[in-house]
Amino acid sequence: MPSLLEISPDKLARLIGTPKCPVLVDVRTDEDFDADPRLIPGSLRRDYRLVQDWGQDFTGRSAVIICQRGKKLSHGAAAWLRHAGIPAGVLEGGFEAWAEAPYPAVPVSAMPKRQASGHTLWVTRARPKIDRIACPWLIRRFVDPNAVFLFVAPAEVEAVADRFDATPFDIDAPIQWSHRGDHCTFDVMVQAFGLETEPMLRLATIVRGADTSRLDLAPEAAGLLAVSLGLSRMYADDHEQLQAGMLLYDAFYRWCRDATGETHNWPSPKKGA
């Protein structure tokens, strides 16, 4: 039975992708990481030997520490964080238990290189509608919670990417992160980042239907299109729109994961009717 300082893979899987997910810190040794260079979605790599230095980055938040088997490295790092006043627990069974479940894991080879400060930097066209909100949501919730997004004039995306060492996405050019065949950029990212769970594929279908004007793909696509166009007219600032869109996709994801079988029956049927 896990201790109060441990969280099971099942419980952690329910938190990942939600706004209330704790900071996830992978402290596996280089040897263990190189044997399986994937990360639990949303987790950050840190050197357990430097926990006194990076621990302060998470002040005011809770954390779950992940090592190979959920033993000495994660328990030691979590204890250091608690000593610094940061609520911290350990993934029961470590990365091995997560992989054996099996739950999805993000291949590091698919991730863009990080900036010197540790976050990924992305650039796309200004005035986002659907894909350019859905993709940042996916990245921040499942790939890099500290990702930074730049919205610029369409003609300048590639030049800005070059000058600022950013990763371009969702533009009309032969780049890695854009539409591919009948799939939109969100589809491409879901596949590349190893996030093809049933709820995520359901959401991807809705996003694709709304983003490519194929509203027949899912009944919910028309609703997503309508709300997305409404948000784009409510916000003149792209980053404010992204913040509002994060809540929108949080709700769509939770519906895809937990509530597709639920209906709303008001007014309730009368007895004997």
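Residues are numbered from 1 along each chain as its sequence is written, and side-chain values use heavy atoms, with hydrogens and water left out. Because the model is predicted, local features need pLDDT of at least 70 and side-chain atom pairs count only at pLDDT 80 or more, while totals for chains, interfaces and linings use all residues.

Helices (H or I, at least four residues) and strands (E, at least two) are DSSP runs, numbered from the N terminus. Helix H6 (residues 131-142) packs against helix H9 (residues 198-211) at an angle of about 160°, and their axes are 10 Å apart. H6 is therefore roughly antiparallel to H9. Axes here are lines fitted to C-alpha atoms, for helices over the stretch in contact, and angles run from 0 to 180 degrees between N-to-C directions. Angles under 35 degrees count as roughly parallel, over 145 as roughly antiparallel, 65 to 115 as roughly perpendicular and the rest as oblique. On the H6 side, the contact (heavy atoms within 4.5 Å) is made by Asp 131, Ala 134, Trp 137, Leu 138 and Phe 142. On the H9 side, Met 200, Leu 203, Val 207 and Asp 211 take part. By class, this contact has seven nonpolar, no polar and two charged residues. Ala, Val, Leu, Ile, Met, Phe, Trp, Tyr, Cys and Pro count as nonpolar, Asp, Glu, Lys and Arg as charged, and the others, Gly among them, as polar.

H6 and H9 are also among the elements that cover the buried residues of helix H8, and strand E8 (121-125) is another. H8 (residues 185-192) is largely enclosed by the rest of the structure, because six of its eight residues are buried. Buried means under 20% relative accessible area, exposed over 50%, and partly exposed in between (1.4 Å probe, protein chains only). The buried residues of H8 are Thr 185, Phe 186, Asp 187, Val 188, Met 189 and Val 190. H8 is followed by Gly 194, which has a positive phi near 70°.

Pockets and cavities were located on a 1 Å grid over the protein atoms alone. A cavity is a set of points where a 1.4 Å probe fits but cannot get out, and a pocket is an open set with protein on both sides within 12 Å along at least five of seven lines; lining residues have an atom within 4 Å of a point. Grid points are joined across faces, edges and corners, and a volume is the space filled by probe spheres set on the points.

The largest pocket holds about 320 Å³ of space. Its lining consists of 18 residues, of which Cys 21, Val 23, Arg 61, Arg 140 and Pro 145 lie nearest its centre. Strand E2 (23-26) and H6 each give at least two residues to this lining, which divides into nine nonpolar, four polar and five charged residues.

The second largest pocket has a volume of about 250 Å³. Of its 15 lining residues, Ala 13, Tyr 103, Pro 104, Thr 197 and Tyr 253 lie nearest the centre. Helix H1 (9-15), H9 and helix H11 (238-259) are the elements that give two or more residues to the lining of this pocket. H1 provides the largest share, three residues. By class, the lining has eleven nonpolar, one polar and three charged residues.

The structure holds one cavity of 30 Å³ or more. The largest cavity contains about 30 Å³ of space and is lined by Lys 129, Ile 133, Ser 228, Leu 231, Gln 241, Gly 245, Leu 248 and Tyr 249. H11 gives the most to this lining, with four residues. The lining residues divide into four nonpolar, three polar and one charged.

Most residues other than glycine have a negative phi, and most peptide bonds are trans. The peptide bond from Ala 101 to Pro 102 is cis, with omega near -10°. Pro 102 lies in the loop between helix H5 (94-100) and strand E7 (106-107). Arg 127, in the loop between E8 and H6, has a positive phi near 55°. Arg 127 is partly exposed, with a relative accessible area of 30%. Asp 165 also has a positive phi, of about 55°, and lies in the loop between helix H7 (157-164) and strand E10 (167-168). At 39% relative accessibility, Asp 165 is partly exposed.
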